[in-house]
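Hi,

Here is the structure I said I would pass on. Have a look, and my notes follow below.

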Amino acid sequence: MNKRHDPKALKASPAGTPTPLIDGPEKMTGQARYSADFYSPNTLTGVIYRSPYAHAEILELDVEKARALEGVVAIITGDDCAHTFGILPIARNEYPMARGRVRYFGEPVAAIVAIDEKTARKALALIEMTVKELPAYFTLKDAMAPDAVLIHDDKAGNIEREVHNEFGDVEDGFEQADLVREATFKCAEICQVHMEPHASLAEWDDERQHLTMKTCSQVPYYVHLMLAHTMEIERNQIRVIKPFVGGGFGTRTETLNFELIAGLLARAAKGKVALHLSREETFLTSRTRPYTEITMKIGMTRDGKLTAAQCHALQLGGAYAGYGIVTILYAGALLQGIYDLPAVKYDGIRVNANVPPSGAMRGHGTVDSRHAFECLLDEMAKELGLDPVEVRRRNLLEAPTETMSGIKIMSYGLDECIDKVEAASGWKEKAGKLAPGRGIGFACSQYISGAAKPVNWTGEPHAVVNLKLDFDGSITALTGAADIGQGSSTIVAQSVAEVCGLDINKIRVITNDSAITPKDNGSYSSRVTMMVGNATIDAASRLRDILVVAASEKLDASPQDIEIVNEMFRVSGGQDDGLPFQEVVEAALVDTGTITVKGTFTCPPEFQGGKHRGGAVGSTMGFSYSAQAVEVSVDPDTGQVTVHDVWVAHDCGFAINPLAVEGQIQGSVWMGMGQALSEETRYHKNGMPMFTNMLDYRVPSIVESPPIHTYIVESIDPNGPFGAKEAGECSLSSFIPAMVNAIQDATGLRYTELPVTPDRLVEAISKKQHRDKVAAARAAKEGATS
Amino acid sequence: MTELLPEFTLLQPTSIDEALAMHADVDGTREAVRYVAGGTDLLVNLRRGIGDPETLISLNGVADMTAITENDDGAITLGAGVTLAALIEHGTIAKRYPAVAHAAHEIAGPGHRESGTIGGNLCLDTRCVFYNQSLWWRQSNNYCLKYKGDICHVAPKGDFCHAAFSGDLAPVFLVLGAEIEIIGPGGTRREPLSALYTGDGLDHLTLKPGELLTAIHLPADPLPALYEKHRVRGAIDFPLAGIAVALTKNDGKVDTLRIAVTGTNTSPFMVEDLDGFAGSSLGDDAQIRLAEIVQKQVSPMKTTLVQPYGRRRIAGAMARRLAVRLLEAD
């Protein structure tokens, strides 16, 4: 049984205390080693030969001249791997290296391993590929045209997946409404741009037929499975290690082609191969948030009650399935669970196109739909003469409750988030009242705390954590949870320290070595704190029980009477100082020697989502909530939007590490700001990516970074570890509509495209000025005649 | 991984004469031997396979190019090798030529400004989204007119390279009437800055093989000037349009008005046809006319991912409001 703590009593304890990340010193001093940092004299260099066509049939691939070059150790092509890979067992349609056909510009076709990079690059230039070019499509319209060539023969109309569902009676809901409005929003494709470019180090032990891989993954377990699958070896022939990772944000939540290529190259070379991708290649292997067009329709009564919503989403999914169905399901699934919305209809279509496959970026699938909803809601509130904040307040849920789609909501702090942001931002004094060119906007969002049903369903617990306690009196926590910078290892250490009543320095966390640590599904869908946190509490409780029994025997007391205070085990209410931790450890070891315990966590079936098709997506143990206000000014001459202040409140259930929670909220806001202001991919008419560098793909700089005022709301979820829920994704979604709503407040302009770049905005402003002028002239004329 | 630099011989002269002698000794074409100062432009291009010089002559040790000298008559000589950071921090520049310091501060990021130089920014290679790409990318696109290819992907029907000049200092120097000093095998010449540029995006500098831009001369009595740079981000980005305006007043009305532009054309240039503003108090109509004149003379092309329409409009608007600010200044 998990020990449930009173969080108010935790404030002075490890859980709830702002704690610098336990792997911080290595990162700050440059000691941390990432996948590209493991050098040894015998390391060979891998490079990838990539398609210079967006869509083509491969007629001939001649690698012999390259193979003959001195210093080239091995070359592999699509012929060397006949297995497709992919995160979803039902949608694996991508080869590590193209076979027969290339479907996007930059798709891997072959790979070379050579004694050094110079030789490898020379060999690249010797590869010759003859193709028959095929029509290629880079937009929804072109890909969906009736006469378009199929990118995958089994996907008619170039539609990868469609989703249609309806909960409640939408038609009836719109009938009940006093105002029904519909609008279309176009959101550019964006990339994660994690700081660390992709890199893998693969070592093939030919004697033992064994592969060791170090790679920059969020999901080393899935990499392990895919390596076994594509290399046709047993899982026990593989060891996957995740060293320090410089961010992921969703790019690395599935096995990526370069990881499989590295494994195949190492085996072909019978040695150790470093495969380091450039920033350009990393962009091409980004698994983006896809270009999305959302048509949202909302019904509202004249006093601001929502009656129904209908959402139609088109996603330009890219050349392969990837997370495919999951992304398009998410775009509809999280329309529920935030407001009291009696009827929801969703139609989503993921379209294939000749651009790199999209995937799971922070806020997976939900961000653009939430943007459309919050913008339209704002517009309708203003049209009805209502305060947009008040409208949201009139549609709140009350926990515990359950969505129409069957997701249980056990905690709900959105009301408190709204109150905090409204007060802190000075909303009432500012909304609609700021000087021309300055405005304030508001929006809300929610996100899941871990997908309650993993994509690769095995029936195993959702998370397992092992603890080892030995003669030295330190506890080693073993976990497969991938810390990619978000601070999950620190959560594990805090949780053990909290339950066992110890200082956090006594806890060592070892992560992500398949030879040592228990399997974990990985860092995605904000699952780690919820699932690994609960498994850690389970393991720590078992360890605590063992220690308490040992202490009680020494103190000649009943275990129920033992309490741990300042690392001393003592009889509750007694006069005695009790036993120090080290003595208790020694007593506990007497009979058994080294102590190992295991903790697990499984999401109960009733939390694994509704019974409808696709019901697993969006299912979760708990929703986090966010409310956000953004104040901007708009320069009408240059179209430059300046974000002056951001107020954001996030209901994370309970902040186990408030320092990390605050950092995650700020990071979310900042990443949302990139999507809102400046980030977008672009493709040339032949499908060449035009953006694959950090000058043309404009991640905001520190100059754009506004003051971000964060407010942590703790609704204490009964399922969460110490009450905790998600903290790292939700507040991205609320930034974007809040900013666009602020632009509306500043300029009167409702902008429906992302990003809101200066050139676009200046064009829209000049058109609006023209429209206003014409309207004024007409009004004057009518006034004169009447 | 970061692309490898090609192999080259690095020469490190300590004086201008030695640099010129080394250049002459190498006896190569301009392609085979290049001068390099901060390297923030050249080395990035070399890594991308743009250029393959056998020899690089580093100017970092050339002491006679790194000074900022105040002459007896009050004029200032800037060594071409002065770093942008040193230029920004120089007290006299900040005080007497604030637009120069401001423009320098707008360049790239702090790290670039520590090594990038004045001469480098004036000689900055022209830029285009079809040119500033990796070797693989350009190869796959059959290169472009500017380097190794036959067509300009920006305007495929023409035979002109539209790569845009994107240095931030040039327009300010132009409106201030700065002159440059060039030393080469044929001796020394001093010319207006505008003489440095050919107007062709492909080969944008008038420097002949071996010639070196060594210094910039600023006049003793600079016109009051301002610089504004339009870009998406407040740091790092090259100008999508950069406008420098110099304006003197007479009785509250415009006396002299000069406007120079960067980022929109193949060269930085002075806007023409501004004589009519002498005596103007820049009322609404004059402001509109001024913006239109600038809009008409800039010719942004699709050399960046930002559409030309906005850049053109914004260039005009910036010129208008800088002129008004100067007129209204005390």
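Which residues have the most contacts inside the largest nonpolar core? They are F373(A), L414(A), V632(A), F735(A) and M739(A), in a core of 135 residues. Helix α18 of chain A (residues 730-747) gives the most to this core, with 10 residues. A second, separate core has 56 residues, among them V62(B) and L218(B).

Before you read on: this is a predicted model, where local features need pLDDT of at least 70 and side-chain atom pairs 80 or more, while totals for chains, interfaces and linings use all residues. Residues are numbered from 1 along each chain as its sequence is written, chains are lettered from A and ligands numbered from 1 in the order written, and side-chain values use heavy atoms, without hydrogens or water.

A nonpolar core here is a set of buried Ala, Val, Leu, Ile, Met, Phe, Trp, Tyr and Cys residues joined through side-chain atoms within 4.5 Å. Buried means under 20% relative accessible area, exposed over 50%, and partly exposed in between (1.4 Å probe, protein chains only).

Now for a strand (a DSSP run of E, at least two residues; helices are H or I, at least four, and both are numbered from the N terminus). Strand β19 (residues 463-469) of chain A runs antiparallel to β25(A), joined by 7 bridges (pairing takes at least two by DSSP). There, N466(A) stands opposite K598(A).

Cheers
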